[in-house]
Amino acid sequence: MEEMHPRLRRILGPLILLCTAFCGHDEADREYLTALRGEEEDMTREEQIAHIDRAIEISSTRARYWEARAIYRIDLHQFDAALADLDRAVKLAESPYIRFLRGLALCQSGRHAESLADFDAAIAGQPENAQFYRGRALARVEVGMAADALADADHLVALAPQQAASHYARGRSLAALGRDREALAQYDEAIRQRPELVYPLRARADSLERLGETTRAAADRSAAESSAGEREACAVCLDPFRY
């Protein structure tokens, strides 16, 4: 069972309290809350999706149901289905977070160029939210917009220097500009802050390889493979586009 998605962790407690007070006779919300409580009850993603399916059958106009199902489907790598759910959520109640989540799902399915419009919309709607710049910076690296990626990453580090992903995004941006030596310091900081993350190790190995430091690169690759095997259940440790 994967760890609870941060979005669901934030909303689970307040929603249970809210629905205890106001939603006692709402069958759709009861199904939705059952799915959310599945995070604490060792329910499989498929079982949680079944509860959300029933919630949507009862009331299909609540964006939170479609968003929750999309998150579960992302966990199962069902990206096309997740994106369809997010499209519906956007139509029902567009928000910066939903657009950010859609951008991440597009990136996870390899559609980085398509993701940029979603990240742009998320940032336009909530420019103070650091995580949105992380998504766009990494997507921009993937499509060859390295200078723009670095601008996002610099802003991200200024907003959230305490987050390992900020330094990883800056490292990737610097490396894309051919500044691998500077990138190493960013990867070092990301690994120092969160040693359980696998992807900064892999990125550092790539930079070391390009700098001719093959022994250190090989050590990082070996450490990354070992760490990945230990953290198979931690999707956010393996993929920078997971959240």
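Is D42 buried or exposed? With a relative accessible area of 60%, D42 is exposed, where exposed means over 50%, buried under 20% and partly exposed anything in between, worked out with a 1.4 Å probe on protein chains only. This comes from a predicted model, in which local features need pLDDT of at least 70 and side-chain atom pairs count only at pLDDT 80 or more, while totals for chains, interfaces and linings use all residues. Residues are numbered from 1 along each chain as its sequence is written, and side-chain values use heavy atoms, leaving out hydrogens and water.

On the overall build, the protein has 14 helices and zero strands. Buried residues account for 51% of the 243 residues. A contact here means heavy atoms within 4.5 Å. Of the contacts between residues at least 6 apart in sequence, 52% join residues at least 24 apart.

Back to the loops. D42 sits between helix 2 (27-37) and helix 3 (45-58), and its phi is near 60°, a positive value in a residue other than glycine. H77 gives another case, with phi near 65°. H77 is found in the loop between helix 4 and helix 5 (79-93) and, at 54% relative accessibility, also counts as exposed.

Then there is the inside. In soluble globular proteins, nonpolar side chains tend to be buried together. A nonpolar core is taken as a set of buried Ala, Val, Leu, Ile, Met, Phe, Trp, Tyr and Cys residues joined through side-chain atoms within 4.5 Å. The largest such core holds 58 residues, and Y32, I52, Y65, F100 and Y168 have the most contacts inside it. Leaving aside residues up to four places away in sequence, Y168 touches L138, Y187, A190, Y199, P200, A203 and P240. A second, separate core has five residues, among them I191, L201, A224 and A228.

As for cysteines, a disulfide is called when a pair of cysteine sulfur atoms lies within 2.5 Å, and the count comes to one. The partners are C234 and C237, with sulfur atoms 2.1 Å apart. Both of these cysteines are buried. The torsion about their S-S bond is about 65°, so the disulfide is right-handed. C107 is buried too, with a relative accessible area of 4%.

Two helix pairs round out the picture. Axes are lines fitted to C-alpha atoms, for helices over the stretch in contact, with angles between N-to-C directions running from 0 to 180 degrees. Helix 4 (residues 63-75) and helix 6 (residues 96-108) have axes that come within 12 Å and cross at roughly 25°. That makes helix 4 roughly parallel to helix 6, given that angles under 35 degrees count as roughly parallel, over 145 as roughly antiparallel, 65 to 115 as roughly perpendicular and the rest as oblique. E67, I71 and I74 of helix 4 meet Y97, I98, L101, A105 and Q108 of helix 6.

For helix 7 (residues 112-125) and helix 8 (residues 130-142), the axes come within 9 Å and cross at roughly 155°. These two helices are therefore roughly antiparallel. Their contact involves residues including L116 and F119 of helix 7 and F132 and Y133 of helix 8.

Key: Helices (H or I, at least four residues) and strands (E, at least two) are DSSP runs, numbered from the N terminus.
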